[in-house]
Amino acid sequence: MIRKLSWVLLLVLIAGALGGCREDPEVETPSESSASAASEATQAADHTMDITWATAFRDKSLPQGYVTPDTIAFYEPHEGSTPDIVCVPIQEVLDHVAAMERLPRTHYYEQFMEEKLQFLLHIIDYAMDMGYSRFSMPSTEIIDYDINQAHRYINYTFRMNANGLSCRTVTKLPTGDGEQTLNYTLVVLPGMELYDIDKYHAALDAAREVVDAVPKGYNEKQTALYLYHYLTENVSYDYDDYYGSDSGDADWNLVYDALINHSTVCAGYTEALYYLYNLAGIDCITVQGYIPATQWNSEGGYHIWNIARVNGEYYYFDATWDAGCPMMFYQFFGVSEEQLQSYYPRDIATFDAEISPNCDKNLMDTP
């Protein structure tokens, strides 16, 4: 559900402005008079506060068209062909996100961001739901600096890859009141650039099917256990060279591999549980860390797992290490940090340790 927004972000600068991106009319030439009329129409269009598609997306190959102050312009990529630029009124974007039954993401990291960035989060919600990889965002409040300051929280919220989202304010236009500036900022979503968009949506559809299968009447604890059990029972650990695969599957998608291929690594279990829990209304985040080398494990290595809020309390979940275990033998479902560390000590990454909630209870001890 959309949180209350600061509507000063959505300044519409031109009374009676056109709703949608402007594209100059094509000039037909059956006669000199019609060509002249088309030329006059083009010259008459007021683009004072608009920018061209080429400027908005830093791509000179794009056809002529304009982004307006009251729309968001989205970039829809197509393999081997020119991308489509789809322009959507700001209110339509917000209405679409408000109508989404549950967002496939956490709200946890919003507490670390400026309130004005709520607007940005909803645009990303829309872009990812529709399969757009970039967008041009007009705002009097937000510039690339604001986004870069919060980029780690945004990346954690939308589970973007290590490269993270990128942004650049491409144009600043004075609004005429002498105080505010209209900024057009280009935002690139790496997950939608590098992954197959169809795989992303197939994985989300699969996650929604699993969540829809939760028996009616289950409480949060029962729902959390049902979804956790689904992963540990139906997904196997991939012991091959997953990240270095040259078998044609190098465009791996973690959630797709977990929920469609049913084989993945720790990051796949973690991201799959992230989507399953958030779609079910259980706020869930991820935690990165390192398993130190010991006499039992000479290598050690990177690891990632989850924290989720169930019945108002936060607990650790590590579906990777419970994979294949009968439910009665789970050791990492809804545990405290003490219990998590008692089995196999792990170092939590500094950033994650600083922003993650405390987990000092065990879920299985609760009713």
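1. In this predicted model, helix α3, which covers residues 90–99, packs with helix α4 at an angle of about 75°, and the two axes lie 9 Å apart. Because angles of 65 to 115 degrees count as roughly perpendicular, α3 is to be described as roughly perpendicular to α4.

2. The contact between these helices can be given residue by residue: α3 contributes Ile90, Val93, Leu94, His96 and Val97, and these meet Phe119, His122, Ile123, Asp125, Tyr126, Asp129 and Met130 of α4. By class, the residues of the α3 contact with α4 comprise eight nonpolar, two polar and two charged.

3. Turning to the sheet, five strands make up an open arrangement, in the order β4-β3-β5-β7-β6, with antiparallel pairing. The edge positions are taken by β4 (81–89) and β6 (166–174), each of which has a single partner strand, so that one side of each is left without a neighbour in the sheet. On average, and with direction ignored, neighbouring strands of this sheet are turned by 15° against each other.

4. Within the sheet, the pairing of β3 (residues 71–78) with β5 (residues 134–139) is antiparallel and runs over three bridges. For Tyr75, the bridge partner in β5 is Arg134.

Technical notes
Residues are numbered from 1 along each chain as its sequence is written. This is a predicted model: local features need pLDDT of at least 70, side-chain atom pairs count only at pLDDT 80 or more; totals for chains, interfaces and linings use all residues. Side-chain values use heavy atoms; hydrogens and water are left out. Two strands pair if DSSP finds at least two bridges between them. Helices (H or I, at least four residues) and strands (E, at least two) are DSSP runs, numbered from the N terminus. Axes are lines fitted to C-alpha atoms, for helices over the stretch in contact, and angles run from 0 to 180 degrees between N-to-C directions. Angles under 35 degrees count as roughly parallel, over 145 as roughly antiparallel, 65 to 115 as roughly perpendicular and the rest as oblique. Contact means heavy atoms within 4.5 Å. Ala, Val, Leu, Ile, Met, Phe, Trp, Tyr, Cys and Pro count as nonpolar, Asp, Glu, Lys and Arg as charged, and the others, Gly among them, as polar.
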